[in-house]
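Please read the following note beside the sequence and the three-dimensional view.

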Amino acid sequence: MSSLVIRGGHLIDPSAGVDAPKDILLKDGRVAEIASPGKLKSANGAEALDATGLTVAPGLIDIHVHLREPGQGYKETIASGTAAAAAGGFTSVAAMPNTTPVNDSPETTRWMLAPERNATVRVFPIAAATRGSKGEAVNDFAALKAAGAVAVTDDGHPILKDGIMRETLAAAARVGLSVIQHAEDTRMTKGASMNAGPTAFKLGLRGMPVEAESSLVERDIRLVTELRDARVHLHVAHTSTAAAVAAVRQARRNGLRVTCEVAPHHFLLTEEHVGLYSTNAKMNPPLRSAADRDAMIEAILDGVVDAIATDHAPHATHEKEVEFENAPNGITGLETALGLCLRWLHREWKVPLGRVLSLLSAQPAALLGLKGRGTLAVGSFADVVVFDPKAEWTYQAAQTRSKSRNTPFDGWSMQGKVRWTLSEGRIVYTGE
Amino acid sequence: MNATAAPIRRQIHPPPVPPSPFPYNPGSMLSVQDLNLEAVGYLLSRATELEGMDPLVRDRILLKRRIALLFYESSTRTRTSFELAAKALGADTTLVSSLSSSIEKGESLKDTGLTLRALGAEAIILRHNSSGAPWLLEQCTHLPVLNAGDGMHEHPTQALLDLRTILQRLRHGADQVDAGTLAGVTITIVGDILHSRVARSNMLLLPRLGAEVLVCGPTQLLPEVTATMGPGIRIERDFDAALRRSQVVMMLRIQAERLAGLQLDLEEYKADYQLTGQRLASLAPEAVVMHPGPIIRGLEVTAGVADGPQSAILDQVSNGVAIRMAVVERALLAQEGRV
Ligand SMILES: [Zn+2]
């Protein structure tokens, strides 16, 4: 394989503690050498990218995306979803199992990883925790892990039964997999389509109470506590409520291996953004109150949040152009995450750039145990994002590489424009 | 919370909520909030004018103009009222109901709306079981859309006809309104507030004219969050106390089809909230009794009260036609700059 040099950029590699001008040599899909500007020893003849004025960072990692294949290719394919990921600076995406069929088998896991899927960046399947994600019978995690699954979840549905969740946590721990919970006590959310509260009442919509999320997080933490097994790892997906974050914070203080992620829409938007029934503001968990949104920002600032994950959930236009209550949940997010994080977390709320990038790469890699990812230390995978941290631009959903354009961020101003995305040494996206 | 949390919170300036693009069409009436008090006054006085007009003159106003009634829920009162109003202005109406084949076959609201537009419909009157459906229809068609009731959300023409009824009874039929028109008037809305679009539209309209609105009912049907609907709204769970203060009492039907598993003891409900002749005579002998219909006699009101001298229920029905004439006329003429 060929080699490539990225010259003149400012390297930020949070896990390696690097924040300095560096040249970087990529060879055979790996990081081969890092040196002060102009000091690379073995770069002769290598193709060069001029990164003057740009930031060079580990390729971003999104541990919560819906790529819709197999079975829902009209919404997204692994090819189109990973192309959108590359455009957003992501080089690794963890794909949720709520496909058709549900990814609850080694065969489906392997199908997703096959070269015929034409993935632009690395896909890491997350397999279903239970058969058909029905919450009744726990899958064979050893076989799923051997096929390539990096975690288990029934995302879209919670694992509601105490006994099944306990068994899932224990069985996953035995084979070294994390359990990702979509925390929603669905007994409290029947027929509901947005956050419970004054806005839902005004709009005449049934609401999902915050307790539907927090009570299940608390239940799960109790199960982790009872299992008394240090290998157990509970990860709470798309945390959206102050109470859930508080429960995670307390669990961590108690020494438990409990982590959580937050999606950009949950630290930026509130139920007010539903406006007059905008289905592009409908997702599950729903947009919450301003107090909950502020709690997400605080949790990012104080370090309880381990990852920013988009919950990229493409849906066809015709599926979203329906009555609010009938519209499917979810929004796309891969192309807007970096621009929103830099615009708001970094510029507006003063989170250091290295911290933001860590939440988008090093920490999610550590969380799912993705070895050699989320860092640009010598020897790691040559997954790189090169972006202009100062550039401001406007997101146009019509230009998306995803098959779907269901985003509330159409027309929003973004900061930080991706110039190149490299997956294992190959340039997979070039911005203008 | 640790000590550093407070200063962090003060720094948060979140992204603003984008302005609403609605209504796309100036003739639409999606919510009572689309109308300022001047527009409310215009519709009230126009209703009176149209009502008094020679039918042969009146039916030239919208002669042969095409109006579609798109009804996803069955409705006798509202549909007939809109239909009579449109026809009184000379318009041609066509009814598409939930029993129509395209809807039964699962055609989307968007496609049905576009089809009606292509067939020449110039305005659509929509009744739908899903809150917010009129906004979707307006966005897809850009036609004037009149909300004839959407889910649990709003029923704006009902609030206007209720207002006309109240003004007839308490203000000699005044049709110029301002923020003080109903000052000193207490209106109690009783019963299934949670599921009621009539209650929501009235709660959004009546306080703007200075009325105090009391809402009354058990917690299952009247959650505490109701008080956040807007200014001038208060919860009073004691029906007798509310009645004692009221000049108007609006009784609502229990919407069994929307209860979704709520358990309600009907005998207990009747004991606490049924408007009986005895209650009315002893606590509010002058109050105007209203009900948007359909009435379940013997449940929320006794037959004697519904038919009694304080009842304005049939006035509400007649006022419906007058108000809807004004609203339908505005739907078609507003975009031409003629109202
Ligand atoms: Zn989920």
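1. Basis of the model. This is a predicted model, in which local features need pLDDT of at least 70, side-chain atom pairs count only at pLDDT 80 or more, and totals for chains, interfaces and linings use all residues. Residues are numbered from 1 along each chain as its sequence is written, chains are lettered from A and ligands numbered from 1 in the order in which they are written, and side-chain values use heavy atoms, with hydrogens and water left out.

2. Extent of the interface. Contact (heavy atoms within 4.5 Å) joins 39 residues of chain B to 28 residues of chain A. The size of an interface is often given as the accessible area lost when the parts come together. Here chain B and chain A bury about 2900 Å² between them, 61% of it on carbon and sulfur atoms; this buried area is the accessible area (1.4 Å probe) lost on being put together, summed over both parts.

3. Salt bridge. The rule (a side-chain nitrogen of Lys or Arg within 4 Å of a carboxyl oxygen of Asp or Glu) finds one salt bridge across the interface of chain B and chain A. B:Lys110 forms a salt bridge with A:Glu321, and their closest N and O atoms are 2.6 Å apart.

4. The side of chain B that touches chain A. Helices are DSSP runs of H or I with at least four residues, strands are runs of E with at least two, and both are numbered from the N terminus. In chain B, helices H1 (5–11), H6 (109–118), H7 (133–141) and H9 (197–205) each supply at least two residues of this side. H1(B) gives the most, with four residues.

5. Cavities. A cavity is a set of points on a 1 Å grid over the protein atoms alone where a 1.4 Å probe fits but cannot get out, and lining residues have an atom within 4 Å of a point. Grid points are joined across faces, edges and corners, and a volume is the space filled by probe spheres set on the points. The structure holds five cavities of 30 Å³ or more, and the largest cavity has a volume of about 70 Å³. Its lining has 13 residues, with A:Ala183, A:Glu184, A:Asn284, A:Pro285 and A:Arg288 nearest the centre.

6. A:Asp388. This residue lies in strand S17 (residues 384–394) of chain A. Leaving aside residues up to four places away in sequence, A:Asp388 touches A:Gly53, A:Leu54, A:Gly416 and A:Lys417.

Definitions and conventions: 1 Å grid on protein atoms, 1.4 Å probe; cavity = no way out; pocket = protein on both sides within 12 Å on 5 of 7 lines; lining within 4 Å. Buried area = accessible area lost by both parts, 1.4 Å probe.
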